[in-house]
Amino acid sequence: LQIGIVLYEHTQNVDVAKVHLQKTLLLVEQMSGCEDICCVAAVTLSKLLRGEERVAEAKNVLEKAIVRCSSQAMYCCQVIFQLASLHLALNDTTNALTTIRRGVEYTTTCQASVFKLFFRLSEGLCLVRQLQYTECLA
């Protein structure tokens with residue numbers, strides 16, 4: 001994991017970074033209690049894939065990580081926020097809102113009220129952003 005992060009953040013060798021991050025995700029699938037590692041690897045790999053314009057793969061990595069990290073609220077919420085951010089970067093406000101609302105439902109279930117507040121604030125900002133785009137088109 002650490003090698004993949006260093007290669008991604010401090011070198012131009014994204015191919016080797018991607019291999020290390022993908023291997024990390026494969027290894028943590030076989031271990032229990034590694035939600036933190038899964039979360040960091042998935043978020044970093046999704047950023048790398050987004051930089052390569054492989055958005056579908058980035059979304060898939062994040063979706064799998066959400067399922068894997070669902071027992072740990074902090075990590076699951078971080079991955080959900082990253083997925084919403086990916087949608088927003090693509091100007092896909094509708095899917096970003098759907099993802100954020102998924103986060104609201106998740107935080108309600110696991111009683112993570114601080115994260116629920118962040119998701120509600122993000123939902124409000126997305127709605128404002130959506131309204132601005134709608135006004136610009138008119």
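Glu123 is buried, because its relative accessibility is 10% and the cut-off for buried is under 20%. The model is predicted. The partner of Glu123 is Arg101, and the two side chains meet in a salt bridge of 2.6 Å, N to O. This pair links distant parts of the chain. Glu123 sits in helix α7 (residues 113-137), Arg101 in helix α6 (residues 93-110), and 22 residues separate them. Arg101 has a relative accessible area of 35%, so Arg101 counts as partly exposed.

How many salt bridges does the structure hold? There are seven.

| Salt bridge | N to O distance |
|---|---|
| Glu123 and Arg101 | 2.6 Å |
| Glu57 and Arg54 | 2.7 Å |
| Arg68 and Glu35 | 3.6 Å |

Arg68 forms a salt bridge with Glu35. That pair also links distant parts of the chain: Arg68 belongs to helix α4 (residues 55-68) and Glu35 to helix α3 (residues 35-51), 33 residues apart. Are Arg68 and Glu35 buried or exposed? Both are buried.

Glu57 pairs with Arg54. Glu57 is partly exposed, at a relative accessible area of 35%. Arg54 is partly exposed too, at 28% relative accessibility.

Which residues join Glu57 and Arg54 in a network of salt bridges? Lys18 and Glu52 do.

Key
Residues are numbered from 1 along each chain as its sequence is written. This is a predicted model: local features need pLDDT of at least 70, side-chain atom pairs count only at pLDDT 80 or more; totals for chains, interfaces and linings use all residues. Side-chain values use heavy atoms; hydrogens and water are left out. A salt bridge is a side-chain nitrogen of Lys or Arg within 4 Å of a carboxyl oxygen of Asp or Glu. Helices (H or I, at least four residues) and strands (E, at least two) are DSSP runs, numbered from the N terminus. Buried means under 20% relative accessible area, exposed over 50%, partly exposed in between (1.4 Å probe, protein chains only).
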